[in-house]
Amino acid sequence: KADRAVYQATNELVTLSGNPTWTMEMGDGRSDLLTIDPKSRQMFAEGNVSVKLHNIATNALDFALPLASPRTNSTAPKNLDLEISAGLLRYKPGSAIFLKDVRVTSPHEAEQELSCEVLAAFFADQTNTLEELVAEDSVRIRQGALRATGQKAVFFVPKGVVELRGDALSGKPRLEMGGQAYAADLLILDRNNHTFRLKGHYRIEMEQTAARDLVRPSPVR
């Protein structure tokens, strides 16, 4: 829907302006300008892009380990909405690419957020369910007191696994939580098993109080 639609006879494109909105099988969206190619089923949205993906297993998208005070049955996937805002969107069947100031949030999970400059979402052919998210360029992840940064993050949604990478310019990806910080060539976060792994050259930092707790001797009995 929109206030105005222009049909171009030469290339058969349709350009919608004036608060265009759309509804698709995987969710709803809106933007300042929307161009549709009916033949290829591709879309290009520009300006204040906002997309809501429906029925996403949000626990598969939790960015790391459970929060300090985990919710009851927090490991059981719940089909909730996921909201993505960006400056541009390029969509074709099976994938959607978001560009410029990308932000991913859930209206049901205020304690977590993902921001980056490029985000690619890939959907299953038959069911249109979200299978994979790839975030690149200045990736920042917030989940409660947890913070993570890197240049690339890959969310394998069905597995509940997140891989976080860096590069030669920005350095290693970094994960901070509980007074400790971890950096490595590759950080692998396994949400389903409540674990994470460091691969390659790694570094662990901790606050003095946390270090003292690790080496504090047991009381003599």
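**Exercise 1. Work out how exposed E205 is, and which salt bridges E205 takes part in.**

Solution. Start with the surface. E205 has a relative accessible area of 30% in this predicted model,. Buried would need under 20% and exposed over 50%, so E205 counts as partly exposed.

Next, look at the partners. E205 forms a salt bridge with R174, and the closest N and O atoms are 3.0 Å apart.

R203 has 54% relative accessibility and counts as exposed. Now join the pieces: through shared partners, R174, E176, R203 and E205 belong to one network of salt bridges.

**Exercise 2. Find how many salt bridges the model holds, and describe the one between R165 and E163.**

Solution. The count comes to 9 salt bridges. In one of them, the side chains of R165 and E163 meet at 3.6 Å, N to O. That distance passes the test, because the cut-off is 4 Å.

**Exercise 3. Classify the geometry of the aromatic pair Y182 and F196: stacked, tilted or edge-to-face?**

Solution. Begin with the tally, which is 1 aromatic pair. Its rings belong to Y182 and F196, 4.9 Å apart centre to centre, with 70° between the planes. The centres need to lie within 6.5 Å, and planes over 60 degrees apart count as edge-to-face, so this pair is edge-to-face.

Then place the rings. Y182 lies in strand β14 (residues 180-190) and F196 in strand β15 (residues 195-206), so the pair ties together parts that are 14 residues apart in sequence. Y182 is buried, at 12% relative accessible area, whereas F196 is partly exposed at 23%.

A ring can meet a charge too: K159 lies over the face of F156, at 5.8 Å from the ring centre.

**Exercise 4. Identify which residues touch the most other members of the largest nonpolar core, and trace the contacts of L89.**

Solution. First, a piece of background: in soluble globular proteins, nonpolar side chains tend to be buried together. Here the largest nonpolar core has 41 residues, and L53, L89, F98, L114, L119 and V139 touch the most other members.

Now follow L89. Leaving out residues up to four places away in sequence, L89 touches W22, M43, F44, A45, V49, V51, A96, I97 and F98.

**Exercise 5. Decide whether T105 is buried or exposed, and list its contacts.**

Solution. T105 lies in strand β8 (residues 95-106). Its relative accessible area is 16%, so T105 is buried, the limit being under 20%. Beyond its neighbours within four places in sequence, T105 is in contact with L82, E83, Q112 and E113.

**Exercise 6. Summarise the whole protein: how many helices and strands are there, and what share of residues is buried?**

Solution. The secondary structure comes to 1 helix and 15 strands. Of the 221 residues, 41% are buried. Turning to contacts with a separation of 6 or more, 39% involve residues 24 or more positions apart. Finally, the accessible surface is about 12,900 Å², and carbon and sulfur atoms account for 49% of this area.

Methods: Residues are numbered from 1 along each chain as its sequence is written. This is a predicted model: local features need pLDDT of at least 70, side-chain atom pairs count only at pLDDT 80 or more; totals for chains, interfaces and linings use all residues. Side-chain values use heavy atoms; hydrogens and water are left out. Rings of Phe, Tyr and Trp (its six-membered ring) pair if their centres lie within 6.5 Å; planes under 30 degrees apart count as stacked, over 60 as edge-to-face and the rest as tilted. Helices (H or I, at least four residues) and strands (E, at least two) are DSSP runs, numbered from the N terminus. Buried means under 20% relative accessible area, exposed over 50%, partly exposed in between (1.4 Å probe, protein chains only). A charge sits over a ring if NZ of Lys or CZ of Arg is within 6 Å of the ring centre and within 35 degrees of the ring normal. A nonpolar core is a set of buried Ala, Val, Leu, Ile, Met, Phe, Trp, Tyr and Cys residues joined through side-chain atoms within 4.5 Å. Contact means heavy atoms within 4.5 Å. Accessible areas come from the Shrake-Rupley method with a 1.4 Å probe; for residues, only the protein chains shown count as cover.
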